[in-house]
Structures are given as C-alpha cells and as structure tokens.
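Here's a quick briefing to read alongside the structure. Have the model open while you go through the points.

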Number of protein chains: 2
Amino acid sequence: MSTSSFWRNGLRAAAAILGASALTVVVAGHAATPADRGGHDRRLGTSPVLKHTGKAPTGYSVTFRYYAPTASRVQIKGEWSFVRPSALPQVASTPDHTVESQGILPLDWRPGDAPMPYPNSTDPNFPVNDMAKERNGVWTFTTPLPSGVFTYAFFVDCPTDNGAGCTPVSDPSNAPWNEKNDTVTGSAVPNSQVYVPSDSRFGTVDYSWQAPAKKQGKLRIATYSSPGHVTPVDENRLVVYTPPSYDPRRSEPYPTLYLNHGGGENEMGWSTQGDVKNIMDNLIATGEVVPMVVVMPNANGYPASTDNAAFRSDLIDRIIPWVEDRYHVSTTAADRAFSGLSAGGRITNHLMLNDTEQFGYYGMMSAGLAPGQTLSDEQVTALKKVSVFIGAGWQDVIFAKGFNNFHTGPAMEVSTFVDAGVPVTPDFVHGGHNWNVWRLLLKDFVTRVAFLPQPFASWEG
Amino acid sequence: MSTSSFWRNGLRAAAAILGASALTVVVAGHAATPADRGGHDRRLGTSPVLKHTGKAPTGYSVTFRYYAPTASRVQIKGEWSFVRPSALPQVASTPDHTVESQGILPLDWRPGDAPMPYPNSTDPNFPVNDMAKERNGVWTFTTPLPSGVFTYAFFVDCPTDNGAGCTPVSDPSNAPWNEKNDTVTGSAVPNSQVYVPSDSRFGTVDYSWQAPAKKQGKLRIATYSSPGHVTPVDENRLVVYTPPSYDPRRSEPYPTLYLNHGGGENEMGWSTQGDVKNIMDNLIATGEVVPMVVVMPNANGYPASTDNAAFRSDLIDRIIPWVEDRYHVSTTAADRAFSGLSAGGRITNHLMLNDTEQFGYYGMMSAGLAPGQTLSDEQVTALKKVSVFIGAGWQDVIFAKGFNNFHTGPAMEVSTFVDAGVPVTPDFVHGGHNWNVWRLLLKDFVTRVAFLPQPFASWEG
C-alpha cells in the first residue's frame with residue numbers, strides 16, 4: 001500500500017500515539033517527543049512569519065522559528081521542492097518511463113512549478129534544511145515560497161541530514177488544531193501548515209480558496225463504538241467538519257462528504273495537510289458548493305480483510321448511522337459522497353465496486369484498480385447510476401505505472417471503466433503523490449461532481 | 001443552429017458590416033449606427049466607472065456613461081441577470097423538464113448565482129434598463145455587479161423597452177479592440193466588456209484570471225484568401241492571438257489553439273465577449289498553460305454544405321497552412337487543439353468525427369451530436385487517439401434537451417461516446433447558454449486537456 005504520508009518516520013510516531021486507547025494524549029508525556037521540544041516561550045515570537053518581499057522568485061518569503069536553547073541542531077523539513085511541468089511527457093504518456101523529479105528548490109522556482117517531493121516517490125522526501133541558531137535560543141530558517149499551503153516540521157538534535165530515523169514535531173506556535181496547551185485530542189500530528197498568498201507579479205497561482213476564511217466552520221474529533229476494531233480496541237475515531245452557520249434545525253438536511261486519508265495517515269490528515277476546513281469554508285462562501293458536513297474516518301486498526309471489507313462494514317454499519325444520529329444530514333445515498341487518496345483511493349474503489357449504492361458520488365484520487373480487475377455486468381449497471389471522478393497528479397509515479405501489485409494507477413482505471421461503458425470524470429493536475437494535488441482534486445470533486453447531476457445522459461435518448 | 005450571440009439584432013448589423021469587402025470599415029459611415037452615437041466628448045468622462053463600494057450585495061458597483069445630448073432615450077443592456085444553482089435539479093437531471101431562469105437581478109444577487117439570460121434561452125435576453133440623463137448630455141446607469149466579465153451595450157432612441165428591433169452600440173469610451181478613432185478593422189462589435197474584481201467578503205468568486213494581465217499578448221485581425229467563400233467573396237477573416245514575449249525565433253514552435261464562435265457571431269466573438277486575451281495572458285503568466293498561439297476563424301459566409309464541410313475544408317486546406325506560414329507554430333496535429341461553442345461546438349463535432357486526425361484535442365462546448373448519430377468502428381478507433389472534452393452550463397436549455405433537430409445536447413454526447421468506449425472529459429459548470437460559461441470552459445479545456453497527455457491509459461495494460 002502506498003505511503004502518502006508527509007514522511008514515514010513522523011507517521012510511525014503518530015501510529016504509536018494512535019495505539020493509545022485514551023482519546024486525549026499529552027504530548028509532553030510522549031516518549032517520542034524530543035526533550036527540549038519548543039514551547040510558547042516569549043523569546044520565540046511568532047512562527048511562521050510571512051513576509052511580502054515583492055521580490056523574485058515569488059514575492060513572498062516565510063521565516064520559521066523554533067525555540068530550543070539547549071539543542072545542538074534543529075532542522076526543518078518542508079514541502080518546498082518542485083516539479084516543472086516540462087517533465088510531464090516523460091512520466092504520463094507511457095508506463096515504460098518514470099522520471100525522478102528535478103527537485104527544483106524555492107530559489108529556482110518558476111511559474112508553473114508544482115510542489116513535488118524529490119525524488120518523485122509515494123514516500124515523500126521533501127527538503128531538510130539546517131536552521132540557524134540565534135542568541136536567544138531561537139532557531140530560524142527563511143525561504144521564498146510560491147502561493148499555496150505548505151506542510152513543514154522540525155527535527156531536534158537529529159544526527160542525519162535528511163531526518164531519517166528522527167521524529168518530526170509540529171510548530172508549537174502553529175500547532176495542529178487538535179492540540180491545545182501541549183495537549184492533543186486524538187492522533188498527534190507531527191507537522192504544521194502555512195498558507196502563502198499570491199503576488200500575481202511573480203506568476204504564482206491565486207490559491208486564496210485555501211486561505212482561512214472569514215466565516216469558518218468547525219472541526220471536531222470524536223470516538224465512536226467499533227466492535228471488533230483492533231487498535232484502539234472496539235472503538236475508533238473520526239473528524240467531523242460542520243459548515244459555517246450549520247443549522248441542525250433547518251428544513252433541508254445537509255449532504256455528507258466522506259473523505260479518507262492515505263496509507264500511514266489517519267483521521268487527522270484531511271483537516272491538517274488537506275486544509276479541508278479552509279477549502280470548504282471558502283467554497284461554501286462563494287456558493288461554489290452547497291454547505292455540507294464532511295466526515296473523515298480513520299481506516300487503520302481493523303482486522304485484516306480482503307478489499308478493506310472490515311473498514312467498509314464499519315463505515316456502512318456504524319459510521320454512517322453514527323453521523324446520521326448526531327448531525328442533521330440526509331439519510332439517502334444520493335446525498336452522500338465518498339472520496340479518498342492513495343490507500344484511501346483504493347478504499348474508494350472497493351466501495352465503488354462492492355457497495356456502489358451506498359454513495360451517489362465517488363472521488364478516486366491517486367490510486368487505481370487491482371491488476372486484472374474486471375467489472376461484472378452487475379457492477380457496470382450499478383456504476384452507471386452513480387458519478388465517478390478519477391484524479392491524480394500527472395507527474396505521480398503511479399499515474400501510468402501503478403503501484404507494485406496493489407493497483408494499476410488512475411490512467412488505467414479510467415480506461416477500464418470507459419471500456420466497460422462506465423462514464424468517468426477524469427481530472428489530472430500538475431504534481432505528484434502529495435497533498436498539493438489532493439487539495440486541488442478536492443476542490444474539483446466537490447465543485448464539479450459531488451451532489452450534482454450525473455455528467456452524462458442517464459435517460460434514454 | 002443556435003444563436004449564441006449577445007443578442008440577435010446587434011449581430012445582424014455586424015453581419016451587414018461583414019458583407020463589405022474592405023477590411024476596414026468606418027463606423028461613422030455605417031447606416032445602422034445611430035446618428036448621435038456617443039463620441040469621446042470631454043463631458044463624457046470615463047465609462048464604465050468601477051467603484052469598490054464595500055457594500056452588499058457584491059461590494060462593487062459599475063456606472064455606465066453614454067454621451068448623447070440630443071437623444072430622447074438611452075438604454076443599456078447587460079449580462080446581469082442570474083440563475084441560482086438551486087434551479088439545477090429541474091433542468092439537468094432529465095430531458096422532460098426545462099426551467100426558465102428565475103431572472104435574478106443584481107440587487108438580489110447571492111453567492112453562487114451565475115449570469116444567465118432571462119428567460120433561459122439560446123437567444124440571450126438580458127435585462128434592458130433606461131439610463132438617466134444628466135445636464136451635460138451624459139446618460140448614466142449604475143448597478144451593483146458580482147465579479148467577472150460582463151458584456152453590455154447601449155440603445156439610443158429605441159422605442160421598445162427590451163431593445164427589440166433596435167441596434168445596439170458599443171461603449172465609445174470602452175470600444176472593442178478592433179475599433180480605433182471610430183474606425184473598425186474587420187467586423188464591428190456591437191458591445192463592450194467590463195471586468196469586475198471580487199470582494200471576498202461578499203462571496204463573489206475571484207475571477208482575477210479574467211482581468212487584464214501585466215504582460216499582455218497581442219490580437220491581430222487578418223484577411224486570408226479563401227477561394228469559393230461567398231461573403232466576403234473569395235476571402236475571409238480571422239483573429240490571431242500571440243502570447244506575451246512571443247518569439248518567432250525560439251527553438252520550439254508554439255502549439256496552436258483554434259477557437260470557433262457561436263451562431264450569429266464571427267471571428268471577433270472570443271476576443272471580445274470571450275475575453276480570450278486576458279484569460280490566456282493570465283494562465284500563461286502562472287504557467288498553468290504553455291504559451292500558445294490562438295486562432296479564431298470566421299465560420300460564416302461559406303457555401304451551403306453538409307456537416308460544415310465547406311468550412312472544414314477551408315480550415316484544413318487554407319487556414320492552418322496560412323497560420324503555419326506566418327507564425328512559429330508546430331505543424332503536427334498533436335500540437336493543435338480545436339474548440340468551439342454552440343454552433344461552433346457542432347463544428348467541433350464535425351471535425352472530431354470526420355477529420356479526427358487533424359487535431360490532438362477537441363473541446364466541444366454547449367452543443368451535441370446530431371440526433372441518431374452513431375459512431376463507426378473507424379471513428380471510434382480514431383477518437384481514442386485524441387482527447388475529447390465536452391462541456392456546457394448545467395442550466396443551459398440544451399443540456400438535456402438538445403436543440404431542435406440540430407443536436408441532442410452535451411449530456412447525450414457524453415453518453416454516446418462512453419457507450420462507444422471513447423474516453424471523454426466532461427465539464428459542466430453553473431450557467432446557461434452564455435459567455436460566462438464559455439470563459440470557464442476555455443480555462444478548463446486549456447489547463448486540463450489541451451496539449452497534455454491523454455487523460456486515460458492509451459497503452460496496453
């Protein structure tokens with residue numbers, strides 16, 4: 001299964017935390033946390049600090065700050081290597097070739113360059129930089145950045161130059177939303193995000209729909225009963241987004257979007273790296289999407305099963321009813337959409353093929369069908385009654401090649417569906433197997449497919 | 001054939017001008033022009049005047065001004081009636097129902113409302129308002145407007161309240177790009193456009209990619225030899241966009257996008273109402289598309305033929321070679337894309353089905369296949385080698401019903417192609433049979449399909 005996590009080491013730590021049965025975990029008591037993890041010391045000041053430089057290459061720079069007076073080394077890892085679209089033809093037009101990303105760094109950024117790990121991989125390997133220590137014990141690192149959301153984290157006293165074997169930590173001045181006063185509710189997130197605006201003079205794309213909105217919805221993390229779930233035992237977690245002005249008493253129940261994380265991630269992925277609250281807040285504010293409830297489950301910790309059957313059963317038998325009991329959402333499948341990325345894209349496929357009638361809209365991101373998968377007549381008939389969206393990054397290594405024995409990649413999935421007469425909305429964007437792509441695909445799925453009529457004639461001609 | 005013009009009367013006048021063999025036409029000498037057509041009188045001042053009000057409903061207002069001291073009545077017609085997406089399910093989910101647009105006016109605009117004529121029609125009927133006369137002979141009209149590009153024009157001394165039977169004129173202070181000092185080069189355009197920015201506090205969408213860009217490409221209108229063309233005789237016109245920093249000596253030749261107008265329009269449509277220069281300038285600046293040459297032919301004035309055969313022959317045998325002789329463009333089909341709207345969408349289909357190998361990418365907007373159209377094995381084989389994009393407005397009357405005997409609409413075209421195993425990228429957006437939709441579709445076609453790999457696996461699995 002593909003690892004679409006920010007990076008593997010950090011998620012091993014997150015997985016360890018996930019093993020605890022208590023919903024609330026105090027970070028300070030977590031063994032994987034460096035002893036001198038930075039706190040909100042007054043000498044730290046704000047981090048990150050966004051500066052509108054008005055200068056090349058992007059018009060903006062960001063300074064990251066981390067207070068660690070006794071550390072001998074602090075590093076920062078961030079999503080700031082880039083792929084140039086001119087690398088595209090090599091990777092997307094045939095399964096015989098894969099290009100490694102050129103690993104363009106921020107100073108060399110040019111319009112069109114999209115964030116992508118170097119080397120191109122499903123196990124992202126973004127740049128790691130040493131930070132500089134100032135007299136007050138604060139370590140700093142400044143880099144120009146183009147517009148968009150960037151995930152970053154710190155390593156403290158890590159002996160390796162690329163962070164291998166070390167535990168990343170989030171920014172204490174910019175902590176994940178489920179962390180307050182060093183106390184984590186749910187799964188700890190070992191990274192933070194920064195949003196950078198666009199200065200159009202430098203050819204950056206205006207991603208203001210990913211910025212914090214004026215009217216904001218709410219994120220909540222909850223534990224629900226999940227008999228048979230292994231880790232944690234007989235229960236599991238999910239995150240729920242409710243839109244701004246959510247009204248449990250309005251006449252019309254809300255539609256519900258279910259969003260699944262990638263391999264190595266958990267219920268926190270979409271609401272941190274995925275920027276889901278800002279994206280939905282903005283798209284709802286402009287009327288580009290209708291207000292909806294978004295549910296982000298955790299697909300880890302289930303007993304082994306074929307085609308994610310254990311998770312699918314839990315989703316259908318427990319999560320959906322749990323959500324319908326507690327939120328003012330529609331109980332009809334035509335008002336439910338499911339989307340997931342990478343390993344979550346495979347879950348999307350398993351649902352789409354086996355439980356088709358449970359959702360009206362499927363958004364498969366950055367995965368593919370199992371090698372040799374064929375569609376039965378019954379599956380084709382069922383699939384023609386729903387809307388199918390298949391998206392990925394053009395430069396994703398899995399675009400044409402798929403991923404080992406797990407799947408054949410999204411391009412082949414489009415072909416398999418079309419060959420079977422199942423209409424598909426394909427959506428490929430510049431980028432790799434990383435969150436920059438999934439934020440774009442989320443916007444496209446909810447504005448163009450989810451909760452809209454079928455994008456083809458479903459009546460007789 | 002559908003009439004996708006801003007409105008029919010104005011284009012009758014334009015067609016009359018098109019009949020002249022001289023490329024340059026002096027507007028003042030044109031009989032259809034009102035005698036007291038406004039000029040650049042110092043008392044006129046600027047028109048339109050954009051004001052950031054910061055107030056509901058949109059945060060912006062626009063004042064239009066027209067100098068006509070001897071007129072007894074001046075009216076303005078503009079693309080400012082709107083459809084609410086909640087009207088969607090009625091129109092797009094079955095061919096049995098059509099809703100008339102609700103005809104929402106600017107003061108009642110709410111986030112999500114998209115420009116659409118009232119009543120919903122392929123023959124747009126946007127609001128006509130009386131303007132108020134000021135002491136200095138200037139007539140004014142002020143309206144709040146959401147973000148985006150709006151086309152408008154004036155009627156002088158028109159006896160009807162809706163402009164019927166009267167000749168619209170463009171704004172002398174904001175003349176079409178092919179008009180300088182009351183002299184028109186090519187076809188006169190009876191309307192003007194205004195771009196309104198977004199104030200995000202009011203939920204307007206940021207359409208800054210439709211605004212004038214810092215680095216601008218160039219538009220040129222040209223006459224080429226077209227033996228057999230009826231009107232004008234043995235010649236025809238086209239408009240060519242070259243990108244900013246167009247370099248006829250760079251090593252790599254440019255790709256070429258051919259864009260076709262709708263019924264009743266001509267070679268000027270895309271570069272005025274279609275905002276093509278601003279859109280391409282912006283998308284090139286951000287690297288969202290590669291620099292390309294855009295060619296906008298005139299499909300009118302050909303001898304009668306089946307499936308636009310006369311125009312298609314002219315395009316393939318004369319226009320493409322003419323462009324390749326004069327511009328530094330690639331001569332291979334994989335570097336050529338064709339897109340057209342409404343009647344131009346039908347031309348796109350006729351090319352796609354009959355001359356498939358001439359272009360690598362087809363963008364069919366707001367039309368459909370002929371009723372009963374089936375695809376031969378040869379056509380299917382050829383179509384699988386190109387990329388097919390099919391887009392329209394969800395609320396377009398032709399979405400599900402098609403248009404009389406001309407075509408079955410885009411939803412049915414998607415189904416016909418998918419049933420035949422031809423991959424399609426469908427793209428439906430909120431709006432009707434009008435330019436707001438086509439500007440959105442243009443962006444989507446060039447950023448997601450044109451000059452990109454096929455959005456499916458074209459190799460053996």
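What follows is a set of notes, grouped by topic.

Keep in mind that this is a predicted model. Across all chains the count comes to 20 salt bridges, and four salt bridges are found across the interface of chain B and chain A. Chain A and chain B bury about 3600 Å² between them.

**The interface between the chains**

- Chain B brings 47 residues to the contact, and chain A brings 47 residues as well.
- Of the roughly 3600 Å² buried between the two chains, 64% is on carbon and sulfur atoms.
- On the side of chain B that touches chain A, the elements giving two or more residues are helix 2, helix 8 (398-401), helix 9 (410-419), strand 21 (425-429) and helix 10 of chain B.
- Sorted by type, the residues on that side of chain B come out as 25 nonpolar, 14 polar and eight charged.

**A salt bridge from chain to chain**

- Asp427(A) pairs with Arg448(B) in a salt bridge, at 2.5 Å from N to O.
- Asp427(A) sits in strand 21 (residues 425-429) of chain A and Arg448(B) in helix 10 (residues 435-448) of chain B, so this pair joins two chains.
- Asp427(A) has 6% relative accessibility and counts as buried, while Arg448(B), at 24%, counts as partly exposed.

**Salt bridges inside a chain**

- In chain A, the side chains of Arg336(A) and Glu324(A) form a salt bridge with an N to O distance of 3.0 Å.
- That pair ties together distant parts of the chain: Arg336(A) belongs to strand 18 (residues 336-341) of chain A and Glu324(A) to helix 5 (residues 309-326) of chain A, 12 residues apart.
- Buried or partly exposed: which is Arg336(A)? Arg336(A) is buried, at a relative accessible area of 6%.
- In chain B, Arg84(B) and Asp113(B) make a salt bridge, with their closest N and O atoms 2.7 Å apart.
- This pair also links distant parts of its chain, 29 residues apart: Arg84(B) is in the loop between strand 5 (82-83) and helix 2 (88-92) of chain B, and Asp113(B) is in the loop between helix 2 and strand 6 (114-115) of chain B.
- Arg84(B) is buried at 15% relative accessibility, and Asp113(B) is buried too, at 7%.
- Back in chain A, there's a network of salt bridges that links Arg73(A), Asp130(A) and Asp161(A).

**An enclosed helix in chain B**

- Helix 6 (residues 343-354) of chain B has 12 residues, and its first and last C-alpha atoms are 16 Å apart, close to the 16 Å expected at 1.5 Å a residue.
- Why is helix 6 of chain B largely enclosed by the rest of the structure? Because 11 of its 12 residues are buried.
- Among those buried residues are Arg346(B), Asn349(B) and His350(B), along with Ile347(B), Leu351(B), Met352(B) and Leu353(B).

**Backbone details worth a look**

- Ala56(A) and Pro57(A) are joined by a cis peptide bond, with omega at about 5°. Pro57(A) is in the loop between strand 2 (49-52) and strand 3 (60-67) of chain A.
- Thr231(A) and Pro232(A) are joined by a cis peptide bond too, with omega at about -5°. You'll find Pro232(A) in the loop between strand 14 (218-225) and strand 15 (235-242) of chain A.
- Asp157(B) isn't a glycine, yet has a positive phi of about 55°. Asp157(B) lies in the loop between strand 10 (148-156) and strand 11 (179-180) of chain B, and is partly exposed with a relative accessible area of 37%.
- Asp307(B), again not a glycine, has a positive phi of about 55°. Its place is the loop between strand 17 (293-297) and helix 5 (309-326) of chain B, where Asp307(B) is partly exposed at 35% relative accessible area.

Note on methods:
Residues numbered from 1 in each chain as written. Chains lettered and ligands numbered in written order. Predicted model: local features only at pLDDT ≥ 70, side-chain atom pairs only at ≥ 80, totals over all residues. Heavy atoms only, no water. Helix = DSSP H or I, 4+ residues; strand = E, 2+ residues; numbered from the N terminus. Buried < 20%, exposed > 50% of the residue type's maximum accessible area, 1.4 Å probe, protein only. Contact = heavy atoms within 4.5 Å. Buried area = accessible area lost by both parts, 1.4 Å probe. Nonpolar A, V, L, I, M, F, W, Y, C, P; charged D, E, K, R; others polar. Expected span 1.5 Å × (residues − 1).
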